[in-house]
Amino acid sequence: MTASPEATATPPETQIQADRYQKLAERVLAGEAISREDALSILTAPDIDVLPILSAGYQIRHRYFGRSVQLYFLMNAKSGLCPEDCHYCSQSKISTAPVPKYNILKRDDLMKAAEIAANQGAKTYCLVISARGPNEREMSAVEQIVPEIKQKYGLDICACLGLLNREQADRLKACGVDRVNHNLNTSEEHYADICTTHTYADRVQTLRNVRDAGMEMCSGGIIGMGESPEDVVSMAFDLRDLGVHSIPLNFLNAIEGTPLQGNMDLNANQCLKALAMFRFVNPDRELRISGGREIHLRSLQPLGLYVANSMFVGDYLTTKGQAPQADYDMITDLGFEVTQNVEPVTV
């Protein structure tokens, strides 16, 4: 009996690619680390491959996090007044963006924000200041407010205070800070193009101080700052090698008044491929869709949650976010659920 032409035809190219991503996910789920070449192939894949990539990446996400989505709430506890020259930041010394400028907020303001975070279903309250690093007054303020927030609202605390030495990290651990955020932002090779007042090595050392003090490390980056695909892959692997627990991935909001204003080269498919690549490289790490998702992902935001498992709810530091109800509806429509569990769940 002669086989039909359909039975003997070569599978279409899209099917071949889908099988490749599926096999790559199976290798990751079997405990194998993917190569930089594999990661780069995901990031530079044709747009027609986005859905197969997300489908394969979802299997990894589901293994470790099920259908859960964790919410984070950002509080800009000190705005502007930063002596650093980070080119993406509206609060830097070289920015002319019209952002609010104030020193660290008083206790009542920080407690009110914690109440909002709890009411919005967030598990983690992110306390952020704009600074090279915290001064003594700022350290003392954090040490006083953190125990009160944890006791009253049961929130986990992630502090983002700039560069930290080991003694400062130890003090944050002692007062109850669970996690410290300090983003690598980009690759080591690209770092001097976006900041000159401190180095990539300074940021890595802060993360090591956080780790050695016994806190979790939260560190990610920003896509869309003129970096190459190889730079994005390098950052993903550096975060893996450092053992970072939580990875926020931002998409550049090119704020007018910053050196990167007008950089709007990203599209939604690039953002989705970047999120997926980070999931393949860091399979059991919390991956958060962060700033710029509303601008660059737009109507495709729900697809990002097929590989990411957390997101910010509400506004960002100096820019507005999507309305919280829209986020809740998106999560519900996906069949996902907001969780208060901070540990990965193996399904």
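Mentor: Just after α7, G176 has a positive phi of about 115°. This is a predicted model, where local features need pLDDT of at least 70 and side-chain atom pairs pLDDT 80 or more, while totals for chains, interfaces and linings use all residues. Residues are numbered from 1 along each chain as its sequence is written, and side-chain values use heavy atoms, leaving out hydrogens and water.

The helix itself covers residues 166–175; helices (H or I, at least four residues) and strands (E, at least two) are DSSP runs numbered from the N terminus.

Within α7, the buried residues are Q168, A169, R171, L172 and C175, buried meaning under 20% relative accessible area with a 1.4 Å probe, protein chains only. Viewed down the axis of α7, these buried residues fall within an arc of 160°, so they line one face of the helix; the arc is taken from the directions from the helix axis to the C-beta atoms. The partners they pack against are α6 (136–153), β4 (179–181) and α8 (200–212), contact meaning heavy atoms within 4.5 Å.

One of those partners, α6, also packs with α5 (residues 107–119), at an angle of about 35° and with the axes 10 Å apart. Those axes are lines fitted to C-alpha atoms over the stretch in contact, and angles run from 0 to 180 degrees between N-to-C directions.

Notes
Buried means under 20% relative accessible area, exposed over 50%, partly exposed in between (1.4 Å probe, protein chains only).
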